[in-house]
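The sequence and the structure are shown first, and the description follows.

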Amino acid sequence: MNLNLALPVGTTLDRFIMRKQEDFPYASGELSQLLRDIALAGKIVNREINRAGLLDISGAYGQQNVQGEEQQKLDVIANIRFIRALRNGGEVCAIISEEEDEVIQTGNTKGKYIVAIDPLDGSSNIDVNVSIGTIFSIYRRKSEVGCDGTIEDCLQKGTEQVAAGYVIYGSSTMLVYTTGHGVNGFTYEPSLGEFFLSHPDIKTPATGNVYSCNEGGVNSFPEGVKQYLNYCKDNGYSARYIGSLVADFHRNLLKGGIYIYPATAKAPNGKLRLMYECNSLAFIVEQAGGKATDGARRIMEIDPTELHQRSPLVIGSPEMVDKVQEFMQSEVTV
Ligand code: AHG
Ligand code: MN
Ligand code: MN
């Protein structure tokens, strides 16, 4: 029997972050600390999610968020946990969250960074033991240090992100992030309370055979998307749709595939949020060799005008994204 005891458990997230910081001689360590704060909040939320069935924290919270969506108790709990961790950390002057109407000032006016967050992604899966996640983006503030963060600090293009990542609470919990130098994935070892580097330098396959989209809405999809879906079927692709963006994205990132949330009759600008979901995953996928567009424009170049702005999203393996765009651009409207 091979016990594999010779194999080391690997590099911890903390050590990895520290090592990366040493590559930048003038780095002050604040971004590193901020990433550690996010990882800590991720561990706490992971614990809450794992125990949700035993505590009274499943189900609806009884209120809607600013986007008119029913909040789940765990949405609210994750939101509080992340905001608290970022406030205590001190590196962030302002936060924008899918679950909050307005910009949240942390009171850390010396903080250089802004965080945009979807504290819990995959609402429909929270209570049914299916993978869910947390998605985040980090920006450098534009305003002078010493005062509150401004709306201009928060409404930056995706190209301005200094880091982005997600935590996936799944069959194992993982943290995947980029600071613009490739993408690395860390798996949580609960008995040690640590994330370990398990997926160094993730590259997404150039193409795949999985398409992920909620085909329930197909009748109101743009013509080009309908045609692409038929192309997938004609070519023997597999459909995989979990309904948690993080989980669908993570699978496609590792195995190759495409995720599409187009404009629909119900959601004329798409459903997903540019600041909390699209930009972050776009940065990650590009760093892994993939692409993200709204069907016409590169996601990260869209100029945001509102905190809770929505966008159609076509994201994944580069050749597949190109193919969708081909169909969408030659779309014949009838
Ligand atoms: P959230 O739970 O943060 O509101 O996000 C839900 C999103 C995303 O995770 C998922 O891919 C999508 O909504 C599912 O929407 P449909 O039910 O319309 O397919
Ligand atoms: Mn979400
Ligand atoms: Mn959410």
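In what follows, helix axes are lines fitted to C-alpha atoms over the stretch in contact, and the angles between them run from 0 to 180 degrees between N-to-C directions. The model discussed here is a predicted one.

On that basis, helix H2 (residues 30-51) and helix H3 (residues 73-89) have axes that come within 9 Å and cross at roughly 150°. Because angles over 145 degrees count as roughly antiparallel, H2 and H3 are roughly antiparallel to each other. H2 passes H3 in a right-handed crossing. On the H2 side the contact is made by Leu34, Asp37, Ile38, Ala41, Gly42, Ile44, Val45, Arg47, Glu48 and Ile49, and on the H3 side by Leu74, Ile77, Ala78, Arg81, Phe82, Ala85, Leu86 and Gly89. By class, the residues of this contact of H2 with H3 divide into twelve nonpolar, two polar and four charged.

H2 also packs against helix H1 (residues 13-22), at an angle of about 165° and with the axes 10 Å apart. That angle makes H1 roughly antiparallel to H2. The crossing of H1 and H2 is right-handed, and the contact is made by Leu13, Asp14, Ile17 and Gln21 of H1 together with Ser32, Leu35, Arg36 and Ala39 of H2. The contact of H1 with H2 has four nonpolar, two polar and two charged residues.

Helix H5 (residues 223-234) and helix H8 (residues 318-329) pack at an angle of about 130°, with their axes 7 Å apart, and H5 and H8 are therefore oblique to each other. The crossing of H5 and H8 is right-handed. Here Gly224, Val225, Gln227, Tyr228 and Tyr231 in H5 meet Met320, Lys323, Val324, Phe327 and Met328 in H8, a contact whose residues divide into seven nonpolar, two polar and one charged.

The geometry of these pairs is set out in the table.

| Helix pair | Angle between axes | Axis separation |
|---|---|---|
| H2 and H3 | roughly 150° | within 9 Å |
| H1 and H2 | about 165° | 10 Å |
| H5 and H8 | about 130° | 7 Å |

Turning to the chain as a whole, the domain assignment of the protein chain gives domain 1 (7-199) and domain 2 (210-333). The C-alpha centres of domain 1 and domain 2 lie 23 Å apart. How many residues of domain 1 are in contact with domain 2? In this model 50 residues of domain 1 are in contact with 33 residues of domain 2, and the two domains bury about 2,900 Å² between them, with 64% of that area on carbon and sulfur atoms.

Terms used: Residues numbered from 1 in each chain as written. Chains lettered and ligands numbered in written order. Predicted model: local features only at pLDDT ≥ 70, side-chain atom pairs only at ≥ 80, totals over all residues. Heavy atoms only, no water. Helix = DSSP H or I, 4+ residues; strand = E, 2+ residues; numbered from the N terminus. Parallel < 35°, antiparallel > 145°, perpendicular 65-115°, else oblique. Left-handed = near helix turned anticlockwise from the far one by under 90°. Contact = heavy atoms within 4.5 Å. Nonpolar A, V, L, I, M, F, W, Y, C, P; charged D, E, K, R; others polar. Domains from an automatic or database assignment. Buried area = accessible area lost by both parts, 1.4 Å probe.
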